[in-house]
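Work through the exercises below with the sequence and the 3D structure at hand. Each task is followed by a stepwise solution.

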Amino acid sequence: MRFYVILTALFLSMIMTGCSSTKGLTKEEKAAKEAALREAIEKREFTVDVNRMSPMSGRSQALTSPYSLEIKGDRVKSYLPYYGRAYSVPYGGGDGLNFEAEITGYKLSYDAKGKAVVEFETKTKEDRYGFRLEIFPNGSTSIHVTSVNRQAISFQGTATDRKGR
């Protein structure tokens, strides 16, 4: 019995030591990263690397391929998967959420805790889309996409400035 107690204590101390040595960023580095991301959002020069999708009907799924949403000034480049009900699409399924288009109605606001909310619309030859991004100061991002011809879908990922910070 005593052997198990010692073994458990040793194991826990190794875990605690490992956690403290990989603490992450200092307060200054964290503040600089948050400031760089905020500036990129305000300049409309940021990318969201998406790692999870949540269709309206179906389970949330982790994404293993690199998907992203990129904002460059007054343009959006969407490379996102789509899974859900389509009401009216071209033969073969069309391009879905893979497009580059002009942004209209761009709105940016911040809540009291520093979360950025970005809303905009865009139109392609196939559909009209509404995007709502909630970007937390640490870069964690939620994207909600509505469309005229498809069921809504949400994504989760991480926002970075154009330099990858």
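**Exercise 1. State how much space lies in the largest cavity, and which residues line the largest cavity.**

Step 1. The largest cavity holds about 30 Å³ of space. A cavity is a set of points on a 1 Å grid over the protein atoms alone where a 1.4 Å probe fits but cannot get out; the volume is the space filled by probe spheres set on the points, which are joined across faces, edges and corners.

Step 2. This is a predicted model, in which local features need pLDDT of at least 70 and side-chain atom pairs count only at pLDDT 80 or more, while totals for chains, interfaces and linings use all residues. Residues are numbered from 1 along each chain as its sequence is written, and side-chain values use heavy atoms, with hydrogens and water left out.

Step 3. The structure has 1 cavity of 30 Å³ or more.

Step 4. Lining residues (an atom within 4 Å of a point) are Tyr82, Leu97, Tyr129, Val145, Thr146, Ser147, Arg150, Gln151, Ala152 and Ile153. By class, 6 are nonpolar, 3 polar and 1 charged.

Step 5. Strand β7 (residues 140-147) contributes most to this lining, with 3 residues. Strands (E, at least two residues) and helices (H or I, at least four) are DSSP runs, numbered from the N terminus.

**Exercise 2. Describe the sheet and trace the pairing from β2 to β5.**

Step 1. The 8 strands form a closed barrel in the order β1-β2-β3-β4-β5-β6-β7-β8, with antiparallel pairing. Ignoring direction, neighbouring strands are turned by 30 degrees against each other on average; the axes are lines fitted to C-alpha atoms. Two strands pair if DSSP finds at least two bridges between them.

Step 2. β2 pairs with strand β3 (residues 75-79) over 5 bridges in the antiparallel sense, and Lys72 stands opposite Arg75 in β3.

Step 3. β3 and β4 run antiparallel, joined by 5 bridges; here Tyr79 stands opposite Asn98 in β4.

Step 4. β4 and β5 are antiparallel with 6 bridges, and Tyr110 is opposite Ala116 in β5. Their hairpin has 5 residues between the strands, and Gly114 takes a positive phi near 95 degrees.

Notes
1 Å grid on protein atoms, 1.4 Å probe; cavity = no way out; pocket = protein on both sides within 12 Å on 5 of 7 lines; lining within 4 Å. Nonpolar A, V, L, I, M, F, W, Y, C, P; charged D, E, K, R; others polar. Axes fitted to C-alpha atoms, helices over the stretch in contact; angles between N-to-C directions.
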